[in-house]
Amino acid sequence: MDTFALVLTVGVALFFTYTNGFHDSANAIATSVSTRALTPRAALLMAAVMNLAGAFLGSGVAKTVSEGLIETPNGQSGMAILFAALVGAITWNMITWYFGLPSSSSHALFGGMVGAALAGGIAVYWSGVFSKIVIPMFVSPLVGLLLGYLVMVAIMWLFRSANPQRAKRGFRMAQTVSAAGMALGHGLQDAQKTMGIVVMALVIADVQDHGEIPIWVKVACALMLSLGTYAGGWRIMRTLGRRIIELDPPQGFAAETTAASVMYTASFMFNAPISTTHVITSAIMGVGATKRVSAVRWGVAKNIVLGWFITMPAAALVAAVSYWAVRMVAG
């Protein structure tokens with residue numbers, strides 16, 4: 001196996017993690033910044049540190065990505081498939097970042113993997129894609145929406161007699177904790193996705209068998225995600241924090257607590273790689289609907305949902321074209 005191809009593919013995988021960080025940093029901190037619980041830079045630093053910590057909490061999601069979605073390809077063609085999958089995911093990340101659309105980096109990666117696999121003629125484990133990707137893609141936002149609504153209703157009932165200004169100050173402080181929990185879940189989910197890709201590259205290159213994730217892979221993926229997070233994603237933060245609904249501290253706390261709970265459950269109980277973008281967006285909508293349904297700007301929400309549905313096919317198409325281009329150049 002060409003060492004250059006391995007190094008290039010791993011490098012592109014780490015760059016994808018970096019784009020994931022600045023693309024999805026808004027997920028962890030938009031609510032805290034929009035409610036002024038944290039300053040933008042303090043929120044980004046906190047999110048970067050918690051992303052780093054979250055990356056070391058488990059490996060179930062990484063195993064799903066490396067073994068449960070597509071057949072592990074072989075040889076030079078196999079490395080080209082992995083490279084093309086990453087190019088497809090990065091391209092879609094950059095397009096959606098430019099337009100400020102909080103699409104899913106995770107589903108861009110999965111779409112890229114499926115598109116490159118089909119172009120390269122290797123098996124796609126459709127049962128795995130359906131059970132681990134498609135079902136969670138629909139279920140997790142619905143759970144986030146309903147749970148966000150219920151958590152906010154519970155908060156409103158528990159604090160119905162409290163002084164509004166004092167309660168807001170308390171929830172502003174509590175948001176520091178809920179935002180940290182959200183960022184920890186982001187690291188737990190998203191760093192592991194790239195770990196799975198790097199392990200696949202190492203297996204293709206006969207450097208190791210499927211199994212434990214090398215410590216250097218964990219450290220590299222965690223650091224790149226954290227660096228990307230600290231670079232920030234202001235365009236997407238504006239969409240999540242302001243354009244869907246104007247949030248106050250209790251609403252921000254409810255949305256972040258809901259999203260973090262869904263991510264931990266998906267990671268530890270189901271080893272399912274879900275989208276942090278989907279979960280926090282739907283949680284914000286659920287929380288906002290407790291004020292009144294019209295308080296949520298459903299037109300913006302509709303555009304976001306449309307982005308969810310086109311992410312996987314779009315990334316798959318770019319990945320397929322990238323694979324054919326790589327094979328043409330190489331061959």
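**Entry 1. Helices α2 and α8**

I began with the packing of helix α2 (residues 40-54) against α8 (215-231): their axes lie 8 Å apart at an angle of about 170°. Residues are numbered from 1 along each chain as its sequence is written. This is a predicted model, in which local features need pLDDT of at least 70 and side-chain atom pairs count only at pLDDT 80 or more, while totals for chains, interfaces and linings use all residues, and side-chain values use heavy atoms, with hydrogens and water left out.

I took helices as DSSP runs of H or I with at least four residues, and strands as runs of E with at least two, numbered from the N terminus. The axes are lines fitted to C-alpha atoms, for helices over the stretch in contact, and the angles run from 0 to 180 degrees between N-to-C directions. I classed angles under 35 degrees as roughly parallel, over 145 as roughly antiparallel, 65 to 115 as roughly perpendicular and the rest as oblique. The helices α2 and α8 are therefore roughly antiparallel. On the α2 side, I noted Arg-41, Leu-44, Leu-45, Ala-47, Ala-48, Asn-51 and Leu-52 in the contact (heavy atoms within 4.5 Å). On the α8 side, the contact is made by Ala-222, Leu-223, Leu-225, Ser-226, Thr-229 and Tyr-230.

**Entry 2. Two oblique pairs**

I next looked up helix α4 (residues 75-98) with helix α5 (residues 105-120), and found an angle of about 140° and axes 7 Å apart. The pair α4 and α5 therefore counts as oblique. Their crossing is right-handed; a crossing has this hand if the near helix is turned clockwise from the far one by less than a right angle, and is left-handed if anticlockwise. Helix α4 contributes residues including Ile-81, Leu-86 and Trp-92 to the contact, and helix α5 residues including Leu-109, Gly-112 and Met-113.

For helix α3 (residues 60-67) and α7 (164-204), I recorded an angle of about 40°, with the axes 7 Å apart. By that angle, α3 and α7 are oblique to each other, and the crossing of α3 and α7 is right-handed. The contact involves Gly-60, Val-61, Ala-62, Val-65 and Ser-66 of α3, and from α7 residues including Gln-189, Lys-193 and Met-200.

**Entry 3. Asp-190 in α7**

Is Asp-190 buried or exposed? I found Asp-190 in helix α7, and it is buried, with a relative accessible area of 0%. The classes are buried under 20% relative accessible area, exposed over 50% and partly exposed in between (1.4 Å probe, protein chains only). Leaving aside residues up to four places away in sequence, Asp-190 touches Asn-20, Asp-24, Ser-106, Leu-225 and Thr-276. Of these, I checked Ser-106: 84 residues separate it from Asp-190 in sequence, and 7.2 Å in space, C-alpha to C-alpha.

**Entry 4. Aromatic pairs**

How many aromatic pairs does the rule give? I used ring centres within 6.5 Å for Phe, Tyr and Trp (its six-membered ring), with planes under 30 degrees apart as stacked, over 60 as edge-to-face and the rest as tilted. The count is four. Phe-159 sits in the loop between α6 (126-158) and α7, whereas Phe-171 belongs to helix α7, twelve residues apart. Phe-159 is partly exposed at 42% relative accessibility; Phe-171 is buried at 8%. Together with Phe-253, these two residues form one aromatic cluster.

I also noted Arg-160 over the face of Trp-157, at 4.2 Å from the ring centre. The criterion is NZ of Lys or CZ of Arg within 6 Å of the ring centre and within 35 degrees of the ring normal.

Most residues other than glycine have a negative phi. I found a positive phi of about 60° at Asp-206, which is not a glycine. Asp-206 lies in the loop between α7 and α8 and is exposed, at 70% relative accessibility. Asn-271 likewise has a positive phi, of about 50°, and is not a glycine. Its place is the loop between α10 (249-270) and α11 (276-288), and Asn-271 counts as partly exposed at 32%.

Val-207 is also in the loop between α7 and α8, and is exposed at 52%. Not counting residues up to four places away in sequence, Val-207 touches Leu-6 and Leu-202.
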